[in-house]
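Here are some exercises on a protein structure, each with a worked solution.

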Amino acid sequence: MRYDAAIIGAGANGLAAATALARAGLTAIVIERSDRAGGRLSTREFHPGFRASPFLDELAPIPQDIFWSLGLAQRGADLMPAPVSLALWPDRLNLLRAGGQSGAAALLALSAALAAEALAHALGEAERQPQKRLFFRPQPMPWPGVEAMLPSLNEILMRRDLDPDTAAHVAAIALSGRAADPFLPGGGVHLLAPGAGMGGMVAGGFGKLADALVRAARDAGAQIVYGLDASGIAHANDRLTGVTLADGSFVAARAVISTLDLKRTFLSLFSRNELPVPVARQVDNFRMAGSTARVLFAIERAPAMATAEALRGPIYVSPDLEGFAAASMSWRAGRIAPKLPVTLRIPSLMDPSLAVPGGAVMTATFGAVPHRPADGAWTREMRDVLRDMALGALESVMPGMAGRVSAAEIIVPGDMEDAFGTTAGDLWGGEIAADQMLDLRPWPDCPRTLLKGLYLGGSSAAAGPLATCAAGIAAARAVSADLKRGKLS
Amino acid sequence: MSGCDAIVIGGGVNGLVAASCLARAGKRVVLLHAGGAQGGNSAQPLYALDPTIVADLQLTRHGLTFVARDMPLIGLRADGRHVVISRDVNATARNLAVHSQIDAEDWCRQRRDLWALARDLRSVWWDVGAVPPRRCEQLDRLQRLGAGAWLDFRFESEALKATLAWDAVAGSPFAAGSALLLVWRAAQEMCGLQGASAMPASNTFAGALSAAAEHAGVTVRANARVADLLMERGAVVGVRLDSGETLAAPLVFSTLPRGATLLRLAHGEGLDATERAALERTASRIGAADILLTLDAKPAFEGVPGNGRFVVAPNWESFAAAHASARAGRMPDEPVFEFVMPGKSAPLGDAMPAQAERYSIRIRMEPVPLFPVDGTDEKSLLAAKAIAALQRLMPDLLRHVVGVNVRAPGAIVEHDGCAEDAFDGNRLLADWRSRVSTPIAGLFLCGVSAEPASAVSGRAGRIAAQLALRGHL
């Protein structure tokens with residue numbers, strides 16, 4: 001059978017795309033390499049009785065309309081709003097309540113609004129017919145948010161007249177897990193790609209959201225197949241014909257949505273000499289570099305923390321702008337800075353089912369951790385350095401806690417690459433930078449590509465870092481629009 | 001209170017040009033210069049000198065001569081395989097083949113692409129108007145791109161990228177918009193003396209400008225530091241000097257940075273709190289140091305093909321590292337700098353013993369911190385770093401050094417009361433009117449910081465004078 005659309009990857013984007021396409025009356029198949037859906041949305045047991053989401057604690061928000069149109073609430077996904085976040089210096093702390101009245105909350109709200117506007121624009125662009133190049137090309141509409149992100153993060157914070165602590169707190173929120181220099185022009189873009197403390201959590205862990213997405217896709221009539229690895233895109237006469245699988249079988253399709261990142265899409269599904277030179281250049285020059293490492297802690301006998309509301313949200317340890325800049329420089333040189341920005345969380349406070357009774361699960365998320373250290377591969381000692389840093393941060397927040405840790409798991413960017421296949425362990429599908437966001441991510445006609453019928457629907461696409469599921473929806477809309485116009489045979 | 005038609009504050013290149021242009025239009029002009037000697041920052045190779053100024057002010061008749069024209073950009077490498085980028089595309093490509101075959105084959109095309117972009121950007125520099133709207137899309141993209149990424153995008157060889165990155169040194173190569181600086185430099189070369197850089201014979205540039213100003217009838221007053229501006233109803237009416245003396249004029253041109261002019265001289269007049277805060281913020285934390293080494297003989301400098309602008313930088317990341325440490329107030333571990341060797345020269349300055357022949361090396365080190373945090377003796381450290389790096393290239397350098405003269409950026413800031421404005425990609429694409437005018441009627445900016453990106457061109461002085469003559473007199 002020939003499908004209207006084949007979707008590579010059953011992550012949030014792939015499942016959302018399949019649901020949207022099937023709802024539009026098209027036949028869709030999702031091809032997943034592993035034996036479970038969800039991609040990075042997973043919850044697993046890392047120590048007997050203790051479960052955690054290994055790759056993330058918090059999700060970029062799912063836009064309300066997408067959340068409800070996919071019917072996720074009816075299928076068991078319960079999104080919890082962002083709680084208060086806490087920034088901690090050695091001698092003082094700063095509390096920030098999401099949706100509060102402070103200047104910081106106003107800035108975060110403004111960024112969220114800008115990101116939503118940009119997303120609406122991206123979805124609109126996806127449905128718009130690509131313009132032919134005639135004698136001239138009409139000036140494209142500028143994307144919302146482009147102007148706002150040109151200054152440096154520091155500049156944006158200073159314009160708001162925030163006190164230094166609050167400014168550092170907002171920077172920590174925007175840069176959590178990333179490796180960016182807040183003083184560099186163009187860094188304002190980090191506010192558009194929501195960081196920790198701006199998104200939401202899922203009750204019962206992210207696995208619950210993945211289950212709801214799978215159910216939505218199934219209910220709509222989309223097919224999901226597991227354990228099949230897409231190995232190539234078949235095409236003839238500049239038109240796409242389907243997906244070849246690693247086991248030699250072939251899935252015929254009129255359109256293919258790849259939710260893999262840009263590099264993996266073009267470098268693993270095509271052979272190098274199939275790519276036109278300009279595409280190869282653009283793929284090569286798209287910067288992807290992991291910067292996030294995580295440490296998961298199992299604590300058998302935790303002290304009572306249930307009343308501490310401030311501990312429910314992210315806790316930023318030693319966030320200071322100069323520190324981010326220094327960490328970013330070391331990261332670029334392939335070194336681990338002596339002081340890394342850390343975000344601590346206690347997911348079991350929000351969701352007690354993650355730990356054994358009386359126990360707790362804590363996570364530490366590091367930014368500015370190089371994917372490939374300058375002096376070779378990741379060693380046991382380097383992992384231990386991360387663990388000790390995380391323990392130190394933990395001890396500074398809750399003295400005595402480090403001694404109670406019974407197990408720790410360390411996840412470095414390379415582990416993330418192995419686990420769900422994003423190049424270099426980059427959680428955002430490409431460095432968040434002024435020249436790699438919005439209309440330039442990864443090129444102006446996104447989600448369409450130069451090969452007719454191939455669409456980008458992953459985190460490397462324009463809508464990717466703006467919101468969860470959004471890139472998949474954008475690609476699905478582009479596919480349905482093009483099929484309707486008869487652009488795809 | 002004595003009166004005149006216009007006052008120009010600052011006796012640098014732009015100040016002299018503005019004063020001469022105004023005087024030639026028949027105005028009575030007084031040029032106030034805080035120091036003794038004139039010429040400001042004119043000891044640098046001129047890659048961007050406005051040829052109209054040379055012609056209009058008849059600088060060659062007033063003594064301007066060049067010791068070198070069409071100076072190639074030479075990236076010095078530790079292994080002796082230097083990168084020579086000259087106007088001759090084929091020769092450059094041949095030279096690049098040592099480093100990368102791909103870059104060599106591509107050079108012609110890359111050069112053409114760069115110059116096509118530069119042609120579009122040229123209007124920002126050349127005309128008073130803005131960029132033609134049709135090409136904005138491409139330039140907008142560059143405004144969001146770092147120079148490092150841009151170079152990575154185009155070239156393979158580290159040596160070539162490091163050499164070219166010097167042209168974007170005003171902004172960290174990771175900063176969005178620094179790619180525009182590379183195009184900007186090409187545009188300046190295109191509009192300037194129609195070649196690569198030229199090195200004026202020592203002091204003849206400043207001398208020619210002074211002579212031209214004198215010829216045009218400008219009254220030059222040295223040692224006249226301006227304390228503040230006199231204002232009435234939002235318009236400037238004159239200046240008050242440090243000595244307490246006042247001078248009346250309906251037009252005042254300042255070569256100081258925007259922040260220094262509006263905040264220190266005008267006391268924030270006509271600015272609301274937000275604008276004032278913005279101006280205070282834009283002051284840069286980094287600057288450039290000029291180091292002049294005087295030598296008693298030509299040092300051994302092997303394997304270098306002729307004269308040029310020499311750039312010392314291992315790779316483009318070293319620019320980023322230098323920026324990061326400079327911003328944090330530390331001296332870069334590995335300084336990046338450019339130097340020129342003007343050849344034999346007459347003795348310079350007053351500190352030199354009066355001897356017949358001297359060789360000199362002029363070094364421009366950028367970026368360096370304005371004020372080092374650790375309180376080190378900045379001047380000697382800067383010179384020591386530069387000499388140490390140069391010694392690897394010229395083994396017998398130390399034997400020949402007879403004089404070291406350092407102009408650290410902090411000294412300039414203390415003098416002006418405000419740092420230069422930090423690099424801003426937005427400013428590059430803004431039109432001249434917005435850069436030259438101020439919220440105060442009759443007050444114009446004509447210094448280097450009114451230029452899109454700092455370079456000695458004399459253009460700011462000329463355009464400010466032109467605009468003022470056209471609209472406000």
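A polar contact is a pair of N or O atoms within 3.5 Å; within protein, one must be able to donate a hydrogen and the other to accept it, and residues adjacent in sequence count only if both atoms are side-chain atoms. This is a predicted model, in which local features need pLDDT of at least 70 and side-chain atom pairs count only at pLDDT 80 or more, while totals for chains, interfaces and linings use all residues. Residues are numbered from 1 along each chain as its sequence is written, chains are lettered from A and ligands numbered from 1 in the order in which they are written, and side-chain values use heavy atoms, with hydrogens and water left out.

**Exercise 1. Describe the interface of chain B and chain A.**

Step 1. Begin with contact, which means heavy atoms within 4.5 Å. Chain B gives 26 residues to it and chain A gives 26 residues.

Step 2. Now turn to area. The size of an interface is often given as the accessible area lost when the parts come together. Buried area is that loss (1.4 Å probe), summed over both parts. Between chain B and chain A it is about 2,200 Å², with 54% from carbon and sulfur atoms.

Step 3. Look for pairs. Seven residue pairs are in polar contact across this interface, both residues at pLDDT 80 or more. The rule also finds two salt bridges there, a salt bridge being a side-chain nitrogen of Lys or Arg within 4 Å of a carboxyl oxygen of Asp or Glu. One of the two joins A:D181 to B:R327, at 3.5 Å from N to O.

Step 4. Find the elements. Helices (H or I, at least four residues) and strands (E, at least two) are DSSP runs, numbered from the N terminus. On the side of chain B that touches chain A, the elements that give two or more residues are α4 (101-126), α5 (136-143), α6 (147-154) and α12 (316-327) of chain B.

**Exercise 2. Why is α6(B) largely enclosed by the rest of the structure?**

Step 1. Recall the classes: buried means under 20% relative accessible area, exposed over 50%, and partly exposed in between (1.4 Å probe, protein chains only).

Step 2. Count. Six of the eight residues of α6(B) are buried, so the helix is largely enclosed.

Step 3. Name them: B:A147, B:G148, B:A149, B:W150, B:L151 and B:R154.

**Exercise 3. Which parts of the sequence do salt bridges tie together?**

Step 1. Start with the total: a search of the whole structure finds 37 salt bridges over all chains.

Step 2. Take a pair in chain A. The side chains of A:R264 and A:E417 meet at 3.1 Å, N to O. A:R264 lies in helix α7 (residues 262-268) and A:E417 in helix α12 (residues 413-420) of chain A, so the pair ties together parts that are 153 residues apart in sequence. A:R264 is partly exposed at 26%, while A:E417 is buried at 19%.

Step 3. Take a pair in chain B. B:R225 and B:D242 form a salt bridge at 3.5 Å, N to O. B:R225 sits in the loop between β8 (219-221) and β9 (226-232), and B:D242 in the loop between β10 (235-241) and β11 (246-248) of chain B, so parts 17 residues apart in sequence are tied together. Both count as partly exposed, B:R225 at 28% and B:D242 at 47%.

Step 4. Finish with a network: salt bridges that share partners join A:R287, A:R332, A:E431 and A:D435.

Definitions and conventions
Buried area is the accessible area (1.4 Å probe) that two parts lose on being put together, summed over both.
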